[in-house]
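Hello,

Here is the structure we talked about. Please open it and read along with the notes below.

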Amino acid sequence: RQMCIRDSALSRPSINNEATAFSDFSTNESLVWLHADACVGAQLSNSPFANGVPSSPDEVRLICTPAQWQAMNTDLGLVSGQEFQLGRDIDFSNSSGNTTIANVFKANLRGNFHTLKNGTQPLLNSMTGFANSRSSIRNLKIDGFDIDLSDDASAFSRGVIVNYIFSSAASDTEGVEIEDIELTNSSVDLAGSGAEGALGGALGEITFAPGSSNGVSSVAAGNNERASIRNIKSRVDISSDTMDGDLSMGGLVGKIQGGANKNVSLEYNRVGFEDNSVEPADTQRVSLNGHSKVGGLVGEMNNSEVRIGNIAYVDVQVSQAGAQYIGGLVGYATGEIQVNNSFGDLLFNPTIASNYVGGVLGGMVNDNNLNIDGSLGKVLIPDGTNIKVEYVGGLLGYANYTSAPSFKIRNSKGLLDTESDGSFYGGII
């Protein structure tokens, strides 16, 4: 790979003395610009944004302080399609951790590889496309976010970056792109019973299914919209002690409901795995403590693609009765499911009887179409686990077929290592 370091002739828009940096995955070249702090002098006290009041919807909004971050909320209520840029790292510890933007995000956010840190709430409540365009979040670091949902009675679905991504139209030109983001030293915790929805390290729920409700607004028929989730590195521990609700949990995304055209794709994402690791240590695993529908990448998935280059390295614990559908990549799946060239490594630590555990996919039912190609799955249930665990496979824990849908596993490998009690064990299924 070739690295270019430049201090002039920027080929992307810059504001004030702030340059930009980005990666282009279509080439073998990484482009990096060195820049000074864009937030100086009056920019730290200006309102609503560091560069003052926007003169037009097309003017970039520069953000340097927690107050300017919150100004996005009002601005999003006035126009859509604008671009927000971070000019420096922002620490929310002195602003009670208040970070959530309540208005629907129909815009673009460029982090310029700055860090948002020490928040206690998700960044955005909801996000969707706009005016035949795609909303986006890029080039951002998030550190030290500890989200405690114990007192949040409305905690349907939550994620550190966005709670809900939903369809706004049946147009194939709208949608959402989230890429080049790193989350570290963060956690999401939910206490209480009866919770329904989803918890994700990065994203709570993506809903493009026609007629579904996502807790924000009614969802349009989103069969043609696209959501691309790419190159997110997540080290967010998630815990829930809910017992009698329907809660999905994923190291990256809690729940995905795609349209009929499999219009949600995941590429080159990492959960609990460092790029320079040859043989990663267990300390790199992300901890997921849940009930059912728990996946290293996605808790529950419908009509979607785990497309290429995804790795999940997770430690899953379950302790509530009825635990089932635990997967190294995906916990529970329905509809059209594609998993290509990805790797799930699951360390499973149950303290109660559990069912349907797989290195790639925990399980799927209702005669759905499944294609696993070029992928690896690994399940380790530690020695001394004297708990009954049934339907366990190195790749797939369980699939129920009564008719003749498409079911293909090709060019893939599974590893199962266990001494636990139970039946229906297989290296692949």
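**Salt bridges**

At 13% relative accessibility, Glu305 counts as buried, because the cut-off for buried is under 20%. Keep in mind that this is a predicted model. The side chain of Glu305 forms a salt bridge with that of Arg307, at 2.9 Å from N to O. Arg307 is partly exposed, at 27%.

The structure has eleven salt bridges. Another one joins the side chains of Arg230 and Glu267, at 3.0 Å. Arg230 sits in strand β16 and Glu267 in strand β19, so this pair ties together parts 37 residues apart in sequence. Arg230 is partly exposed, at 22%. Glu267 counts as buried, at 10%.

Asp373 and Arg410 also meet through their side chains, at 3.7 Å. Asp373 belongs to strand β30 and Arg410 to strand β34, so here too the linked parts are 37 residues apart in sequence. Arg134, Arg138, Glu177 and Glu179 are linked in a network of salt bridges.

**Nonpolar cores**

The largest nonpolar core holds 84 residues. Trp69, Phe105, Ile137, Ile178 and Leu203 touch the most other members. Strand β13 gives this core its largest share, six residues. A second, separate core has five residues, including Ala38 and Leu62. In soluble globular proteins, nonpolar side chains tend to be buried together.

**The open sheet**

Eight strands form an open sheet with parallel pairing, in the order β11-β14-β17-β22-β25-β28-β32-β36. β11 and β36 stand at the edges with a single partner strand each, so one side of each has no neighbour in the sheet. Inside the order, β22 and β25 pair over two bridges. Gly295 stands opposite Gly327 in β25.

Best wishes

Methods
Residues are numbered from 1 along each chain as its sequence is written. This is a predicted model: local features need pLDDT of at least 70, side-chain atom pairs count only at pLDDT 80 or more; totals for chains, interfaces and linings use all residues. Side-chain values use heavy atoms; hydrogens and water are left out. A nonpolar core is a set of buried Ala, Val, Leu, Ile, Met, Phe, Trp, Tyr and Cys residues joined through side-chain atoms within 4.5 Å. Buried means under 20% relative accessible area, exposed over 50%, partly exposed in between (1.4 Å probe, protein chains only). Helices (H or I, at least four residues) and strands (E, at least two) are DSSP runs, numbered from the N terminus. Two strands pair if DSSP finds at least two bridges between them. A salt bridge is a side-chain nitrogen of Lys or Arg within 4 Å of a carboxyl oxygen of Asp or Glu.
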